[in-house]
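Subject: Structure for you to look at

Hello,

Here is the structure I promised. Please open it beside this email and follow along.

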Amino acid sequence: MRANNTPSAVADRSQLPQAGRIVVKVGSSSLTTVGGGISEEALAGLVDRLAAVRNSGVELILVSSGAIAAGLAPLGLSRRPRDLARQQAAASVGQGLLMARYTQAFGAHGVTVGQVLLTAEDLMRRQQYANAFRALNRLLNLGVVPIVNENDTVATHEIRFGDNDRLAALVAHLVKADALVLLSDIDSVYTGPPDEGGVRIPRVDSAADLEGVRIGSTGKAGVGTGGMVTKVEAATMAAESGIPALVTSTANAAAALAGEDVGTWFSTRGGRRPVRLLWLAHLATTQGRLVLDDGAVAAVASGLRSLLPAGITRVDGDFEVGDPVEIADRHGRVVARGLVNYSAQELPRMLGRSTHELASDLGPHYEREVVHIDDLVVV
């Protein structure tokens, strides 16, 4: 396993067989029937491929969708519900069914699995993040394949990953994986719909490689939440934090993990950064906006300075201490996101004033940054 601040040693898809630790994510559409039940054949086929990799000595973490979809038929639901309460009920019923199938299928290969349910909060708060890392790391050290899913039964609309593609990217970051493999029913990222002449994109080295690309959403089965859009977002998130990612189909899983030329490879673009900054950059729902003068914009955009009250000209929204906010210039262009140290009610009387002045007038509690550099990400 690599050090915390270095990119993966896996530089190309051909090196995947040499990876020590891989996170694999599989989507609902690859595991369930259109009617909502678990496809025994599909799940067994996937497990056959993954167990072979695990038994070759690779540490494997499986991020698996399918709990809500698996719970539809037992509850008499014909399609994925839109309301959160029924989604949570379906997840509660389906998660047990899904884990039972995985336990049986992996067990046939002599592999033990363990269930790990996460919420976004588990990866945002320092203590819970450390606990999640220790739990996953110990399972891997014991030879167990952790099977991770979002804890849909208790997650809220306000605090959730949104889909398991992005959860997988954060888990890959958490466990310091050498690579992330995202599996679905689509074999690659294409320049457009294949039936309209779109061609496979074999490799993505920068955002420029995806300019003008038409990326689809949820597939025809309607049991997932993301589609190719979120897979590209998740792969990009991983690549920008030093973890290469491969997007391909579940049918190509064996070939992909063997290093063959399948799918779309997202090469790394820099080193690792704290998981809360990944969340801020890609997932956080901002609760407000801070508008800055030109000098403060330049300071924040450098990525080297915290945001002080003297450079803020306007406060929009209703937020509390610790909430994520957008940081914009006077034209409305968002330049950064950050976790704010003051509420929307406190900030207006602080605008344009130095921290020293504020401390003298309002007390030492106000002699601190509005957004600290460690809680700020330039976008």
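Does G311 count as buried or exposed? G311 counts as buried, at 9% relative accessibility. The cut-off for buried is under 20%. Keep in mind that this is a predicted model.

**Around G311**

Start with where G311 sits. Its place is the loop between α10 and β10 (312–317). G311 is then in contact with V291, L292, D293 and A296. Take V291 from that list. V291 and G311 are 20 residues apart along the chain, and their C-alpha atoms are separated by 8.6 Å.

A296 is another of those contacts. A296 lies in helix α10, residues 294–301. A296 is buried too, with a relative accessible area of 11%. Its C-alpha is 7.3 Å from that of L307, eleven residues apart in sequence.

Now look at L351. L351 is found in the loop between β12 (334–339) and α11. The C-alpha atoms of L351 and G311 are 7.3 Å apart, with 40 residues of separation in sequence. L351 counts as partly exposed, at 24% relative accessibility. Which residues does L351 touch, not counting those up to four places away in sequence? They are P309, I312, T313, R314 and V315.

**Helix α11**

Helix α11 covers residues 355–362. Its buried residues are T355, L358 and A359. Seen down the axis of α11, these fall within an arc of 100°, so they line one face of the helix. An α-helix has 3.6 residues a turn, so residues three or four places apart point the same way. What does the face of α11 turned away from the buried side carry? That face has the exposed residues H356, S360 and D361. After α11 comes G363, whose phi is positive, near 115°.

**Two helix pairs**

Next, helix packing. Two packed helices are described by the angle between their axes and the distance between the axes.

Take α1 (residues 40–54) and α3 (residues 84–107). Their axes come within 9 Å and cross at roughly 50°. The two helices are therefore oblique to each other. The crossing of α1 and α3 is right-handed. Which residues meet there? From α1 come E40, L43, L46, V47, L50 and A51. From α3 come L98, R101, Y102, A105 and F106. By class, the residues of this contact are nine nonpolar, no polar and two charged.

Then take α6 (residues 164–174) and α7 (residues 228–240). They pack at an angle of about 10°, and their axes are 8 Å apart. That makes α6 roughly parallel to α7. In α6, the residues in the contact are D165, R166, A169 and L170. They meet T230, K231, E233, A234, M237 and A238 in α7. This contact of α6 with α7 has five nonpolar, one polar and four charged residues.

**Two loop residues**

K176 is found in the loop between α6 and β5 (179–184). K176 is not a glycine, yet it has a positive phi of about 60°. K176 is also buried, with a relative accessible area of 14%.

V144 lies in the loop between α5 (126–141) and β4 (145–150). Is V144 buried or exposed? V144 is buried, with a relative accessible area of 10%. Set aside its neighbours within four places in sequence. V144 is then in contact with L60, T112, V113, G114 and L139.

**The whole chain**

Finally, step back. The protein chain has eleven helices and 13 strands. Of its 379 residues, 53% count as buried. Residues 24 or more positions apart account for 72% of them.

Best wishes

Methods. Residues are numbered from 1 along each chain as its sequence is written. This is a predicted model: local features need pLDDT of at least 70, side-chain atom pairs count only at pLDDT 80 or more; totals for chains, interfaces and linings use all residues. Side-chain values use heavy atoms; hydrogens and water are left out. Axes are lines fitted to C-alpha atoms, for helices over the stretch in contact, and angles run from 0 to 180 degrees between N-to-C directions. Helices (H or I, at least four residues) and strands (E, at least two) are DSSP runs, numbered from the N terminus. Angles under 35 degrees count as roughly parallel, over 145 as roughly antiparallel, 65 to 115 as roughly perpendicular and the rest as oblique. A crossing is left-handed if the near helix is turned anticlockwise from the far one by less than a right angle, and right-handed if clockwise. Contact means heavy atoms within 4.5 Å. Ala, Val, Leu, Ile, Met, Phe, Trp, Tyr, Cys and Pro count as nonpolar, Asp, Glu, Lys and Arg as charged, and the others, Gly among them, as polar. Buried means under 20% relative accessible area, exposed over 50%, partly exposed in between (1.4 Å probe, protein chains only). The arc is that of the directions from the helix axis to the C-beta atoms.
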